[in-house]
Amino acid sequence: MSLGSELDALAETIEARRGDDPSKSYTAKLLAKGPLHCGKKLGEEGVEFALAVAAQDDAAVASEAADVIYHLLVALAARGVSPEAVAQALLNRRGVSGLDEKANRPK
């Protein structure tokens with residue numbers, strides 16, 4: 001199993017839920033609430049993940065990581081930013097020191 005193929009499948013499922021009945025789809029409900037709500041939810045999930053990393057077992061960390069990835073993809077969809085755009089941003093950084101990349105970000 002490839003994480004990449006799972007991410008692709010999840011992104012496709014999220015996009016397919018856009019416009020579905022929010023009372024029948026959690027994804028549709030999140031998307032209907034818009035980017036601000038999706039961003040807040042992603043932040044909550046990020047905190048839960050960080051706490052799991054600090055104090056829980058590996059299964060809990062993996063589960064919380066899955067939640068973060070799901071909510072990240074929903075937030076991207078809410079903003080209309082494609083996973084391909086994220087992949088391109090990562091590709092643009094390949095071979096660049098993280099320290100250099102951060103120093104060259106617009107202030």
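**Exercise 1. Determine how helices H2 and H3 are oriented relative to each other in this predicted model.**

*Solution.* Step 1: identify the elements. Helix H2 covers residues 26-55, and helix H3 covers residues 58-79.

Step 1: consider the packing geometry. The axes of H2 and H3 lie 7 Å apart, and the two helices pack at an angle of about 150°.

Step 2: apply the cut-off. Angles over 145 degrees count as roughly antiparallel. H2 and H3 are therefore roughly antiparallel to each other.

Step 3: The crossing in which H2 passes H3 is left-handed.

**Exercise 2. Describe the surroundings of glutamate 64 and state which side chain of opposite charge is nearest to it.**

*Solution.* Glutamate 64 belongs to helix H3.

Step 1: list its contacts. When neighbours within four places in sequence are left aside, glutamate 64 is in contact with Glu45, Glu48, Phe49 and Ala52.

Step 2: Glutamate 64 is buried, yet it has no salt bridge. The nearest side chain of opposite charge is that of lysine 41, 8.8 Å away. A salt bridge would require a distance within 4 Å.

**Exercise 3. Summarise the overall architecture of the protein.**

*Solution.* Step 1: count the elements. The protein contains five helices and zero strands, in the order α-α-α-α-α from the N terminus.

Step 1: Along the principal axes, the C-alpha atoms fill a box of roughly 45 × 35 × 35 Å.

Step 2: Of the 107 residues, 22% are buried. Among contacts with a separation of 6 or more, 52% join residues 24 or more positions apart.

How values were computed. Residues are numbered from 1 along each chain as its sequence is written. This is a predicted model: local features need pLDDT of at least 70, side-chain atom pairs count only at pLDDT 80 or more; totals for chains, interfaces and linings use all residues. Side-chain values use heavy atoms; hydrogens and water are left out. Helices (H or I, at least four residues) and strands (E, at least two) are DSSP runs, numbered from the N terminus. Buried means under 20% relative accessible area, exposed over 50%, partly exposed in between (1.4 Å probe, protein chains only). Lys and Arg count as positive and Asp and Glu as negative; His and the chain ends are not counted. Contact means heavy atoms within 4.5 Å. Axes are lines fitted to C-alpha atoms, for helices over the stretch in contact, and angles run from 0 to 180 degrees between N-to-C directions. Angles under 35 degrees count as roughly parallel, over 145 as roughly antiparallel, 65 to 115 as roughly perpendicular and the rest as oblique. A crossing is left-handed if the near helix is turned anticlockwise from the far one by less than a right angle, and right-handed if clockwise.
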